[in-house]
Amino acid sequence: MEEVRGDVSDVLPVHVAVMEEVRGDVSDVLPVHVAVMEEVRVFPLTCAVQNYAWGKIGLDSEVAKLVVGGDPLVVIEMDKPYAELWMGSHPKGDAQIKDNRIAQTTLGQWIAHYPACLGSKVKDAFQGQLPFLFKVLSVNTALSIQAHPNK
């Protein structure tokens, strides 16, 4: 099994590493890595973008810059807001796995097919669902603070 040490900024937001197995505490591994019982893999992701009106416009948005960084062929509309980049398996924005070694699928479908990738404690506690949605926000207008303690 390979270990990831040091700066992981080049791994986020577009990759989920899939490792053969995880021993012990996985808090230093998630959310960047997901474990499954297969060979070590890194899956590039195409993450969902939310175009809320409060987001920064075009390439002024860090979200738009991250999207282009993950896929240079993406066209950014210069008059459109790019407010949030969602990295996870939310039903309204499930990340797409982009890897020619596997059939095209979403992160949510991958987790449903390989629930052990969450680790037994997380899988059992959250009924086989990824228990977080990592977001990058690019804010042009002040926002209220949001918390969802029951989710």
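## Nonpolar surface patch

In this predicted model, Leu137, Val139 and Leu143 make up a nonpolar patch on the surface, and their accessible area together is about 220 Å². Patches are built from residues with over 30% relative accessible area and no salt bridge; nonpolar side chains (Val, Leu, Ile, Met, Phe, Trp, Tyr) are joined within 5 Å and like charges within 9 Å. A salt bridge places a side-chain nitrogen of Lys or Arg within 4 Å of a carboxyl oxygen of Asp or Glu. Accessible areas follow the Shrake-Rupley method with a 1.4 Å probe, and for residues only the protein chains shown count as cover.

Leu137 lies in strand S12 (residues 134-137). Its relative accessible area is 41%, so Leu137 is partly exposed (buried is under 20%, exposed over 50%, partly exposed in between; 1.4 Å probe, protein chains only).

## Aromatic cluster

The structure contains three aromatic pairs (ring centres of Phe, Tyr and Trp, the last by its six-membered ring, within 6.5 Å; planes under 30 degrees apart are stacked, over 60 edge-to-face, the rest tilted). One of them joins Phe43 and Trp110 edge-to-face, at 5.1 Å centre to centre with 75° between the planes. This pair links distant parts of the chain, since Phe43 belongs to strand S3 (residues 41-46) and Trp110 to helix H2 (residues 107-113), 67 residues apart.

Phe43 is buried, at 1% relative accessible area, and Trp110 is buried as well, at 6%. Trp110 also pairs with Tyr114: the ring centres are 4.1 Å apart and the planes stand at 45°, so this pair is tilted. Tyr114 is partly exposed, with a relative accessible area of 25%.

## Overall architecture

The protein has three helices and twelve strands (DSSP runs numbered from the N terminus: helices H or I of at least four residues, strands E of at least two). Of its 151 residues, 35% are buried. Among contacts (heavy atoms within 4.5 Å) between residues at least 6 apart in sequence, 58% join residues at least 24 apart.

## Confidence and conventions

The average pLDDT (the predictor's confidence in each residue, from 0 to 100) is 77, and 72% of the residues score at least 70. Residues 1-37 have pLDDT below 50, and this stretch makes 67 contacts in the model beyond near neighbours in sequence.

Residues are numbered from 1 along each chain as its sequence is written, and side-chain values use heavy atoms, leaving out hydrogens and water. Local features need pLDDT of at least 70 and side-chain atom pairs count only at pLDDT 80 or more, whereas totals for chains, interfaces and linings use all residues.
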